[in-house]
Amino acid sequence: MTQSPNHAHATLYRRPRTTQRTLTLPKAAQQQAAPLELDSSVLFQGAREVHIRHKDMVYRLSITRFEKLLLTK
């Protein structure tokens with residue numbers, strides 16, 4: 001089946017080159033609050049390790065002997 005030139009042109013419509021579009025972020029992405037900041041002494045309360053439950057997994061956040069934080073599954 002051969003399409004007529006007029007029909008083929010109608011299905012391939014393109015926006016004129018002079019039209020510009022501006023992309024914006026969704027409102028939810030624009031209004032993000034600052035991340036929560038906790039002091040580690042409040043989080044650990046004198047312990048060297050805390051357990052964090054995320055969905056169905058438990059993660060360990062521990063303080064190493066060099067006073068760095070280590071997060072493991």
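**Basis of the entries**

I note that this is a predicted model, in which local features need pLDDT of at least 70 and side-chain atom pairs count only at pLDDT 80 or more, while totals for chains, interfaces and linings use all residues. Residues are numbered from 1 along each chain as its sequence is written, and side-chain values use heavy atoms, with hydrogens and water left out.

**Overall fold**

I recorded three helices and three strands in the chain. Along the sequence they follow the pattern α-α-α-β-β-β. I take helices (H or I, at least four residues) and strands (E, at least two) as DSSP runs, numbered from the N terminus.

I then looked up burial and found that buried residues make up 8% of the 73 residues in the chain. The chain exposes about 7,800 Å², of which carbon and sulfur atoms supply 54%. Accessible areas come from the Shrake-Rupley method with a 1.4 Å probe, and for residues only the protein chains shown count as cover.

Among contacts with a separation of 6 or more, I found that residues 24 or more positions apart account for 2%; contact means heavy atoms within 4.5 Å.

I examined the three strands and found an open sheet in the order 1-2-3, with antiparallel pairing. Strand 1 (49-54) and strand 3 (69-72) stand at the edges with a single partner strand each, so one side of each has no neighbour in the sheet. The twist averages 20 degrees from one strand to the next; axes are lines fitted to C-alpha atoms, for helices over the stretch in contact, and angles run from 0 to 180 degrees between N-to-C directions.

Strand 2 (residues 57-63) pairs with strand 3 in the antiparallel sense over four bridges. Two strands count as paired if DSSP finds at least two bridges between them. I noted Ile63 opposite Leu69 in strand 3, and Ser62 opposite Leu70 in that strand. Strands 2 and 3 form a hairpin with five residues between them, and Glu67 in the turn has a positive phi of about 65 degrees.

**Salt bridges**

Which residue does the side chain of Arg48 meet in a salt bridge? I found Glu67 as its partner, at 3.4 Å, N to O. This pair links distant parts of the chain, 19 residues apart: Arg48 is in the loop between helix 3 and strand 1, and Glu67 in the loop between strand 2 and strand 3. Glu67 counts as exposed because its relative accessibility is 55%.

The structure holds two salt bridges, defined by a side-chain nitrogen of Lys or Arg within 4 Å of a carboxyl oxygen of Asp or Glu. I found the side chains of Arg60 and Glu49 meeting in a salt bridge at 3.6 Å, N to O. Arg60 lies in strand 2 and Glu49 in strand 1, so this pair ties together parts that are 11 residues apart in sequence. Arg60 is partly exposed at 40% relative accessible area, and Glu49 is partly exposed at 36%.

**A nonpolar patch**

Finally, I located a nonpolar surface patch of about 320 Å² made by Leu36, Leu38 and Leu43. Patches are made of residues with over 30% relative accessible area and no salt bridge, joining like charges within 9 Å and nonpolar side chains (Val, Leu, Ile, Met, Phe, Trp, Tyr) within 5 Å. Leu36 is in the loop between helix 2 (27-30) and helix 3 (40-44), and counts as exposed because its relative accessibility is 75%.

Methods
Buried < 20%, exposed > 50% of the residue type's maximum accessible area, 1.4 Å probe, protein only.
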